[in-house]
Amino acid sequence: MTDAADPRQPYLADFPRLEREFYKDDPAWLRDTRRNALARFQELGFPTLKHEMWKYTNVAPIARTRFTPAIAIPGNGLPPEKLEPVVFGKYEGSELVFVNGRFSRALSSLRNVPDGASVGSLAQALREEPAALEPHLAKTAPFDANPFTALNTAFLQDGAFIRVPNGKVVEDPIHLLFVSTSQPEPAVAYPRNLIVLEDGARLTVTESYAGLDAGVYFTNAVTEAVVGEGAALDHYKLQRESERAFHVATLEIEQGRASSVSDNSIALGGGLVRNDVNQRFTAEGGDLSMNGLYSVTGQQHVDNHTRIEHLTPNCASRELYKGILDGRARGVFYGNIIVHKGAQKTNAVQTNKNLLLSKEALVDSIPGLQILANDVKCRHGSTTGQLDEDAVFYLRSRGIDPETARSVLTYAFAREVVDRIQVPAMRATLGVLLVSRLPNSEAVREAL
Amino acid sequence: MALLEVKGLRAKVGDKEILRGVDLTVNLGEVHAIMGPNGSGKSTLANVLAGRVNYEVIGGKVLYDGKDLLAMKPELRAREGLFLAFQYPVEIPGVGNAYFLKSALNSIRRHRGQEELDAMDFMGIVTQKMKLLGLDESFLGRSLNDGFSGGEKKRNEIFQMAVLEPRLAVLDETDSGLDIDALRIVANGVNSMRGKDRAIVVVTHYQRILNYITPDFVHVLVNGRIAKSGGRDLALELEKRGYGWVEESVSGASAAIS
């Protein structure tokens, strides 16, 4: 039984009402899934520092805040110019915009979507083609262990559904833009994305999460990506929530035979951020490039948990996460590569590098490699340090002032990840964002 | 007036006093070679002149163009026309050669009250100088010294010097690790910079580079002091006889004093 002081209580209390009002047209399988997920959340409760997976991140501020479900907030037409600060400049591609978790047709646009592909709102797909969702939704992202995934599954309402059929190529990138606006009461949105690439399909997709105001809100997002045989997915995420926002997100990727995935996760915003990326090779010959960059300052806390599972032979994964921590910010990198028994000829590299720009900044780096096969090539490494003073002196000895030198070197550190971004508009936007946060940004801007 | 006047310069690294009273005068238009055995303080002198932080000056003074050089921050020294070619240039991935050099050049031009160069003007200046140092165009797009061979790094130092056009260039063991072809290219680059408006100080262990860059003066640094100065012939004598006889004459002299 629960009482009013129990942080689970508001969620359990909200559910029946939301189910009646908003989920009533769900197919039966989804209704069951929601109820199971809620029950699982009730069992798990909010994690504490005693949980191995939550040892470095205290979610008590989330647990003790009463969030109104954003779905219950009346939608208001957001004028397009409000989006200007958070869209990519010079972007050419499709854009699906979600305001407080809900799809906005008026703000969205599609370009060059091939015949037979579905690109649109998950809520709409649930109404119009539930059979296309049933095999995948909540199948790739398990909710048995992570209470936030359980909550998202219980309360999911909208997000993007993208399905690219056999052999089809989506030429233009698709940008999923999730914006949050300030509400009188803190609100929680549950973006839920499902990306299905059938065999041989190709797609580039970017998720952006941005706050338009300075308010307190909570984004609890889950993305599931199923990548078929010989398919290729380039996935990006740019998290730039408001500084008081809570952001907890999970990306689950399942890779089929000879498929290729690159995932690039950029975390700049939010007050308390937890980002999980879990990937599985379920057949031979897959290739994964998993990159991350977190750059935080002030009192920000950002926690990256990644898991790469080599379940089958002959797959390759390369992981690079880099962190820049300034002010009193705290960062976490927890990486786990599991090479299962029989996953011979696995090639796996994991690297985490952190740059501490202030004495008060702190990072916990926990690289991990579990190898249960005997014919593999695996290595991992982690470094944490400050700017190289020899490099600072080198730049100064050529006439560059020390502040600019430090900014240039900080940007140079991030650049290894920035340069991997293959969507030019996102790369340019990120470059500007990173540089504008640095002292003497005008002088550094020439570097772009 | 001398361009550089070093008077009784003493400096230490950690607890160890490396420079123990260096006197040196360099005029515009001159090329000086500073030679000496390992540990004699050659590189320390070069780094102190450039303003490296972990070298502590404990005595003496240095006038550059009549101004107190030691009171200037490293970037100000550079803008005033001092250039150090590093013995070990730092690799900086993520900072492009072209961007870096353009920033450096413009910070120096701003200091001189000159207009900043745009990308076009900059390219005009660097293209010809790259040819001089045998650097191809891909070089500009690469990260600063990142993955460069030893020879490429040294060529890059001289290339930077050619672009930045310093009044006083200090070359810290630029010849070390160079094969004969690379040495010729580097020496050729340095020679093209000789002129009445510039002075060059070549710090080297070996006389080899002086076959290509003929110095006006040669100084031997022993145990933190200039033990002997002379002309070009002194370098040849050092090559023939090694440093031992200079070291002995110094310790003999100090024994006579004590």
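In the predicted model, A:Val99 has A:Arg102 of β3(A) as its bridge partner. This bridge belongs to the pairing of β2 (residues 94-99) of chain A with β3(A), which is antiparallel and extends over four bridges. Both strands sit within an open sheet of ten strands in chain A. The strand order is β3-β2-β6-β9-β11-β13-β15-β17-β19-β22, and the pairing is mixed. β3 (102-109) and β22 (377-385) of chain A form the edges. Each has a single partner strand, so one side of each lacks a neighbour in the sheet. On average, neighbouring strands are turned by 10° against each other, direction ignored.

Two helices of chain A lie across this part of the chain. Helix α8 (residues 402-418) of chain A lies across β15 (287-296), β17 (316-325) and β19 (347-356) of chain A. Its direction is at about 155° to β17(A). Helix α9 (residues 424-436) of chain A lies across β9 (202-211), β11 (232-240), β13 (260-267) and β15 of chain A. The angle between α9(A) and β11(A) is about 30°.

A:Ala258 lies in the loop between β12 (246-255) and β13 of chain A. Its phi is about 50°, although the residue is not a glycine. A:Asn314 occupies the loop between β16 (301-310) and β17 of chain A. Here phi is near 60°, again positive in a residue other than glycine. Most residues other than glycine have a negative phi. A:Ala258 counts as partly exposed because it has 19 C-beta neighbours inside 10 Å. A:Asn314 is partly exposed as well, with 18 other C-beta atoms within 10 Å.

The buried residues include A:Phe148, A:Leu151, A:Asn152 and A:Phe155. Among the elements that cover them are α1 (9-21), α2 (28-44) and β1 (68-69) of chain A. The cover also includes β8 (192-197), β10 (217-227) and β12 of chain A.

Chain A is divided into domain 1 (9-283) and domain 2 (388-448). Their C-alpha centres lie 32 Å apart. The contact takes 13 residues from domain 1 of chain A and ten residues from domain 2 of chain A. On the domain 1 side, β9, β11 and β13 of chain A each supply at least two residues. β11(A) gives the most, with three residues. By class, the domain 1 side holds seven nonpolar, four polar and two charged residues.

The largest nonpolar core has 193 residues. A:Leu197 and B:Val170 have the most contacts inside it. α8(A) provides the largest share, nine residues. Domain 1 and domain 2 of chain A both give residues to this core, so it lies between them. In chain B, B:Val170 touches B:Ala46, B:Leu49, B:Ala50, B:Phe83, B:Leu84, B:Ala85, B:Val201 and B:Val203, with residues up to four places away in sequence not counted.

Chain B has an open sheet of six strands in the order β6-β9-β10-β3-β11-β12, with mixed pairing. β6 (82-85) and β12 (225-230) of chain B are the edge strands, each pairing on one side only. β9 (residues 168-172) and β10 (residues 199-204) of chain B pair in the parallel sense over five bridges. Within this pair, B:Ile200 of β10(B) is the bridge partner of B:Ala169. Helix α8 (residues 232-241) of chain B lies across β3 (31-35), β11 (217-222) and β12 of chain B. The helix runs at about 45° to β11(B).

At the contact between the chains, 20 residues of chain B meet 19 residues of chain A. On the chain B side, α2 (74-79), β7 (92-96) and α3 (97-111) are the elements that give two or more residues. α3(B) gives the most, with five residues. This side of chain B has 13 nonpolar, four polar and three charged residues.

Notes
Residues numbered from 1 in each chain as written. Chains lettered and ligands numbered in written order. Predicted model: local features only at pLDDT ≥ 70, side-chain atom pairs only at ≥ 80, totals over all residues. Pairing = 2+ DSSP bridges. Axes fitted to C-alpha atoms, helices over the stretch in contact; angles between N-to-C directions. Contact = placed C-beta atoms within 7 Å. Buried ≥ 20, exposed ≤ 12 C-beta atoms within 10 Å, placed from the backbone. Core = buried A, V, L, I, M, F, W, Y, C linked by C-beta atoms within 7 Å. Domains from an automatic or database assignment. Nonpolar A, V, L, I, M, F, W, Y, C, P; charged D, E, K, R; others polar.
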